[in-house]
Amino acid sequence: MIKDIVNKLAPLIIGDLKIPIPIIQGGMGVRVSTASLAAAVANYGGAGTIASVGLGTDEAGLAEKDYIQSSRNGLINEIEKARELSNGAIGVNILVALSNFEDLARTAAQKGADYIIAGAGLPIKLPEFVKGTKTKIIPIVSSARLARLMIKSWTKKYSRFPDAIVVEGPLAGGHVGFSPEDVEAHEEDALERIVKEVLEVTTKYEKEHNVSIPVIAAGGIFDGKDIARFLKMGAKGVQLGTRFVATNECSVPDAFKQKYVDAKEEDIVIIKSPVGLPGRTLRTKFIDELMTNAKKKIICRYKCLKTCDIKTTPYCIAQQLMNAVDPSTVEDAIVFAGHNVYKVKEIVPVKTLMDELVNETIACLNA
C-alpha cells in the first residue's frame with residue numbers, strides 16, 4: 001500500500017531514518033504498545049513504538065527479585081519480536097520517571113531501536129545512553145521553554161541536537177505534562193499554540209546551526225483533518241496513541257478495547273498519578289473508589305518510579321495499569337485514554353485505520 005501513497009504524502013525524515021508515512025504510533029504502557037502493534041504500523045510505512053514500562057513483570061518471580069533484569073529481558077523480547085515481524089521503523093518509548101530509565105535506554109539502543117521517545121520528565125542524560133549507536137533520540141516537551149531547555153542542555157553537554165521533538169498537548173492520554181487545571185480545561189487549540197511556539201524555537205536553531213529538528217505534534221490528534229492541520233503548520237509528523245488501541249493488532253484484551261468503544265465524553269477522568277503528573281483515564285470501578293479518596297493497600301514489588309512515595313501514594317500505578325491488561329480485572333484498573341476516545345466507534349485492523357488516516361490527510365492537504 002505504501003507505493004500508492006508515498007508520492008502523495010511527504011515522509012518524516014529524522015536524520016538518516018526515513019519514515020514513509022509521517023505517523024508515529026504512540027508508546028502506551030503497561031503492555032498496550034507491544035511488538036504486534038508496533039510491527040503492524042511499521043509494515044504500513046509509519047513508525048511503530050514499543051512502550052518499555054512493565055514488560056518483564058510477567059516473568060515468574062524475577063520481577064520482584066531483579067526488576068531491572070526482568071524489565072530488560074521484556075524489552076529485548078519485544079524488540080526482537082517486532083524485528084521478526086517488520087523491517088520498518090521500530091522505536092521505544094521510555095518514561096524518564098522510571099527508576100531504570102538509563103538501563104532501558106541503553107538496552108533499546110544496543111538492540112538497535114530506530115529511535116527512543118522519552119517523556120514524563122526531561123531526558124537530560126539521554127545522549128550519553130545511546131552513544132556509539134544510530135538510535136535517534138526524541139524528547140517529549142509540552143512548551144517552547146522546555147524545547148529550548150532540551151536543545152541548550154544537549155548541545156552544551158553533548159554537542160548534540162535532538163533528532164526530533166515530540167510536542168504533546170494537554171488532550172493526550174495517560175500522563176500529561178501540564179497542570180491539572182490545564183488538563184481539565186481541555187482547550188481544543190492548545191496544541192496548535194504550543195506547536196507554533198516550538199516551531200519558532202526549532203526554526204531558529206535550524207537556521208543558525210544548519211541542522212534539522214523535525215517537530216512531531218501529539219496529544220488529541222484523532223483524524224486526517226487533524227493531521228493535515230499540523231502538517232500545514234510546519235510539523236513534519238504526528239503521533240497518535242488512542243486510535244491504535246482500538247485495533248486488532250493491539251495486544252490488550254477485548255474488554256480494554258471495548259471500554260474505548262463504549263466511552264462517552266463524561267467517562268473521561270483526570271487523576272493524580274504517583275508519577276507526579278496528572279493522568280487522563282476512563283472511569284472504572286477503581287477510579288470511582290479513588291475519587292472518594294479511598295486508599296488502596298499497596299505492596300511495592302518493583303520500586304519502578306523515582307517519584308513514588310509508598311507512604312503517601314494512594315495506589316500503585318504499576319499494579320493498576322497491569323490490571324487493565326488482564327480481562328478479569330479491567331474494572332479494578334486504570335485505563336488510560338486520550339480526550340477524544342469517545343469518538344472511537346469500532347475496532348479495526350491497523351491497515352484500515354491507517355488507510356483512513358492517510359487518505360483523509362491527503363484529501364485535506366489538497367483541499
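How many helices and strands does the protein chain have? Hi everyone, let's start there. This is a predicted model, and its protein chain has 15 helices and 14 strands.

Let's take the overall shape next. Along the principal axes, the C-alpha atoms fill a box of roughly 55 × 45 × 40 Å. For 367 residues, a compact globule would have a radius of gyration near 21 Å, and the protein chain comes out at 19 Å, which agrees. Of those 367 residues, 57% are buried. Here is a number about how the chain meets itself: take the contacts between residues at least 6 apart in sequence, and 66% of them join residues at least 24 apart.

Now for the inside. The largest nonpolar core has 105 residues, and the ones that touch the most other members are Ile23, Leu126, Val167, Ile334 and Met354. Another core, of 15 residues, lies apart from it, with Ala89, Ile117, Ile138 and Ile140 among its members.

Let's zoom in on Val167.

Next, a lysine. Is Lys259 buried or exposed? Lys259 sits in helix H12, which covers residues 254–262. Its relative accessible area is 18%, and the cut-off for buried is under 20%, so Lys259 counts as buried. Which residues is Lys259 in contact with, leaving aside its neighbours within four places in sequence? They are Leu282, Arg283, Thr284, Val330 and Glu331.

For contrast, look at Asp189, in the loop between helix H8 (180–185) and helix H9 (190–209). Asp189 has a relative accessible area of 40%, so this residue is partly exposed. Asp189 and Pro170 are 19 residues apart in sequence, and their C-alpha atoms are 9.9 Å apart in space.

By type, the lining of the second largest pocket divides into 6 nonpolar, 6 polar and 1 charged.

Technical notes
Residues are numbered from 1 along each chain as its sequence is written. This is a predicted model: local features need pLDDT of at least 70, side-chain atom pairs count only at pLDDT 80 or more; totals for chains, interfaces and linings use all residues. Side-chain values use heavy atoms; hydrogens and water are left out. Ala, Val, Leu, Ile, Met, Phe, Trp, Tyr, Cys and Pro count as nonpolar, Asp, Glu, Lys and Arg as charged, and the others, Gly among them, as polar. Helices (H or I, at least four residues) and strands (E, at least two) are DSSP runs, numbered from the N terminus. Buried means under 20% relative accessible area, exposed over 50%, partly exposed in between (1.4 Å probe, protein chains only). Contact means heavy atoms within 4.5 Å. A nonpolar core is a set of buried Ala, Val, Leu, Ile, Met, Phe, Trp, Tyr and Cys residues joined through side-chain atoms within 4.5 Å. The radius of gyration is taken over C-alpha atoms; the globule rule is 2.2 Å times the number of residues to the power 0.38.
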